[in-house]
Every structure is written in structure tokens, then in C-alpha cells.
Amino acid sequence: AGDGSFLAAYAKDHPELNFLGVERLLGRLRKIERKSRRNHLGNVRLIRIEAAYLTQFLLPAGSVAAVHIYFPDPWPKRRHWKNRLVTPEFTELLRRALQPEGIVYLRTDNEDYFKQMLASFKENPKFGEVETPSELSAFITDFERNFKLRGIPTLRAAYRKQS
């Protein structure tokens, strides 16, 4: 969930939707909680947990309309790639958690990881690539803001669960 910039702005703009911010760092969760309270966001809940564990063991099947995975740790060293979140196995966990026609939105600045993300979803025939809505792209994360200031482009993709 980063510092919650995207989550707070998007939740404020969409009060009809419920949001679950997933973060493993307590300091970040506290910051997001303060933002949520300050903005009176009754549609935001937070959980301190690893995203893969949450997806595999806690999310009921068919319970999620959309998943936003923005700037996950790229684990840039080749020997650490095994720690990356978006893998072919993880796409199957997402498929199970998503509602019919549910969507996964991805953003990163790391070209190698982006290629891996695309390959992971391409490997799963139960997902089809779709366009990221321009309305959604207007909401940026703290990481995205910092990368943009340094001239680093944001790589985006979105995948819809096939019925």
C-alpha cells in the first residue's frame, strides 16, 4: 500500500467501493490510517500481512472485484527473483480470489520485473490483457510521483479474469 497516496485518493473518489490496503510495514499502515481518518474514509480497511499469504489463505474465492499491485519490491538481483510477488503461481491465486470478470492492475518502474509480470499473466490462459482506464492512471502512488520527478517512466498493464 506504500504511503497510501493512491489508496486514499481513489477511495475518496469512489465511496461506493470498499478497499483493503495490504502492507507488511507497520509504519506505513499507521500513516495510511491517519490519512484515512483525516479524509473520513469509511470504505478503507487495512491489514498487515504478506500479499501472497493473504491471497492464498484468507481471501474467499470470488470475493475481490479488482487487485491493484503497484510498485511491488522488484528484488533486482537475479538471485532474489524467487522472492518476487508476481509469478505464474500468484496469478492463479489471484484468479481464484477474483470475481468473474475481475481485474488485476499492475504498475512498476522496473523493466525486468515488468517483463516477468507480463510473462506470468500470459502463461495463465484464464486472464486476458485489457487497457488500464485513463481515469485510473490519473491516480498516482508515492513511488510513481518520485520516479516521475527523476524521469523514470511507469510501466502499466491490466488483466481481466476470463469467464
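Does His-14 count as buried or exposed at 14% relative accessibility? His-14 counts as buried, because 14% falls under the 20% cut-off for relative accessible area. Keep in mind that this is a predicted model. Below is a quick tour of that histidine, a strand alanine and a patch of charge on the surface.

**His-14 and its surroundings**
- You'll find His-14 in the loop that runs between helix 1 (5-13) and strand 1 (19-23).
- Setting aside neighbours within four places in sequence, His-14 is in contact with Phe-19, Asn-43 and Glu-135.

**Ala-66 in strand 3**
- Ala-66 sits in strand 3, which covers residues 64-70.
- With a relative accessible area of 34%, Ala-66 is partly exposed, because that value lies between the 20% and 50% cut-offs.
- If you skip residues up to four places away in sequence, Ala-66 touches Leu-98, Ile-103 and Tyr-105.
- Phe-19, one of the contacts of His-14, is 47 residues from Ala-66 in sequence, and their C-alpha atoms are 9.5 Å apart in space.

**The positive patch**
- Arg-30, Lys-31, Arg-34, Arg-38 and Arg-48 come together on the surface as a patch of positive charge.
- The top contributor to the positive patch is helix 2 (residues 26-38), which supplies four residues.
- Arg-38 is a patch member that belongs to helix 2.
- Arg-38 has a relative accessible area of 57%, so it counts as exposed, the cut-off being over 50%.

Notes:
Residues are numbered from 1 along each chain as its sequence is written. This is a predicted model: local features need pLDDT of at least 70, side-chain atom pairs count only at pLDDT 80 or more; totals for chains, interfaces and linings use all residues. Side-chain values use heavy atoms; hydrogens and water are left out. Patches are made of residues with over 30% relative accessible area and no salt bridge: like charges are joined within 9 Å, nonpolar side chains (Val, Leu, Ile, Met, Phe, Trp, Tyr) within 5 Å. Accessible areas come from the Shrake-Rupley method with a 1.4 Å probe; for residues, only the protein chains shown count as cover. A salt bridge is a side-chain nitrogen of Lys or Arg within 4 Å of a carboxyl oxygen of Asp or Glu. Lys and Arg count as positive and Asp and Glu as negative; His and the chain ends are not counted. The place of a charge is taken as NZ of Lys, CZ of Arg, CG of Asp or CD of Glu. Helices (H or I, at least four residues) and strands (E, at least two) are DSSP runs, numbered from the N terminus. Buried means under 20% relative accessible area, exposed over 50%, partly exposed in between (1.4 Å probe, protein chains only). Contact means heavy atoms within 4.5 Å.
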